[in-house]
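Open your viewer and get ready to click along with me. We will stop at a few places, and at each one I will tell you what to select and what is there.

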Amino acid sequence: MTETAETAAADAGAPPARRAVPATARGRRSRQALLDAARIVFARDGFTAARITDIADKAGAAHGSFYTYFKSKDEIFLALIEELEEDLRVSGRGESAASDDAYARILRANTEYLTAYYDNRGIMVVWEQAATLNPEVAELRSQASDRAVARVVRAIERMQAAGEVSPAIDARYAATALTGMISNFAYRWCLRDEDFELDRAAQQLSLLWANALGIPTP
């Protein structure tokens, strides 16, 4: 299928079939090379302007071999976002020191999130924009947001059980507001290439977060 025909099919509402990850090590390396190339091309050209031929060229692969691993541009973008989203989730799984207080835990988590977002800023910005164009990308974005809120709900509930946060605070409302604050800050920062310093951004957002929850700050 040509790229033009493929785009027409996507516009007609046909969902792209998802190919399985190759069973061989060579196949997995070739697929990963295409994903690595797609990360560069999408970040450089945006979701709409990125082309399969450019991805294949960047990966050093024959154009036809792209379809061995992915059926469409949409499919490789979805696979790329799933890979990126896993990286973002892993970034928040670090162990806290036993002596860490509530503010220290918040600062660590926010620093890790902002670092991961900034390191992947080209794709993160495109992900936000592509979510307005592609329903599957939008669903991945919604699921990622829901998981982030759920993690913060659990964290707030633990802090409430430990007496660090007032039980009067509704954990779900607070988690939705606070995760929205940091994700929107990160998006605007990277979209506009603002001259913010990462450490200071993490500190300021964490102070706002802690103050909202009534947690003592340094």
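This is a predicted model: local features need pLDDT of at least 70, side-chain atom pairs count only at pLDDT 80 or more; totals for chains, interfaces and linings use all residues.

Start by selecting T115, which is partly exposed because its relative accessible area is 29%. T115 sits in helix α6.

Residues are numbered from 1 along each chain as its sequence is written, and side-chain values use heavy atoms, with hydrogens and water left out.

Next, select the whole of helix α6, residues 102-119. How far apart are its end C-alpha atoms? They are 26 Å apart, which agrees with the 26 Å that 18 residues should span at 1.5 Å a residue. (The expected span is 1.5 Å times one less than the number of residues.) Colour the buried residues of α6: A102, Y103, I106, N110, L114, A116 and Y117. An α-helix has 3.6 residues a turn, so residues three or four places apart point the same way.

Zoom out to see the whole protein. It has ten helices and zero strands; here helices (H or I, at least four residues) and strands (E, at least two) are DSSP runs, numbered from the N terminus. Of the 218 residues, 36% count as buried.

Now look for salt bridges, meaning a side-chain nitrogen of Lys or Arg within 4 Å of a carboxyl oxygen of Asp or Glu. By this rule there are seven salt bridges. Select E83 and R39, whose closest N and O atoms are 3.4 Å apart in a salt bridge. This pair links distant parts of the chain, with E83 in helix α5 (residues 73-91) and R39 in helix α2 (residues 25-49), 44 residues apart. E83 counts as partly exposed at 23% relative accessibility, and R39 counts as partly exposed at 21%.

Another salt bridge joins R141 and E128, with the closest N and O atoms 3.1 Å apart. R141 lies in helix α8 (residues 135-161) and E128 in helix α7 (residues 121-130), so the pair ties together parts that are 13 residues apart in sequence.

Between those two helices, select N134, which lies in the loop between α7 and α8. Is N134 buried or exposed? N134 counts as buried, because its relative accessibility is 8%.

For the last stop, select D193, in the loop between α9 (171-192) and α10. D193 is exposed, with a relative accessible area of 61%, and its phi is near 55°, a positive value in a residue other than glycine. Then select D199 in helix α10 (residues 198-213), which counts as exposed at 60% relative accessibility.

Definitions and conventions. Buried means under 20% relative accessible area, exposed over 50%, partly exposed in between (1.4 Å probe, protein chains only).
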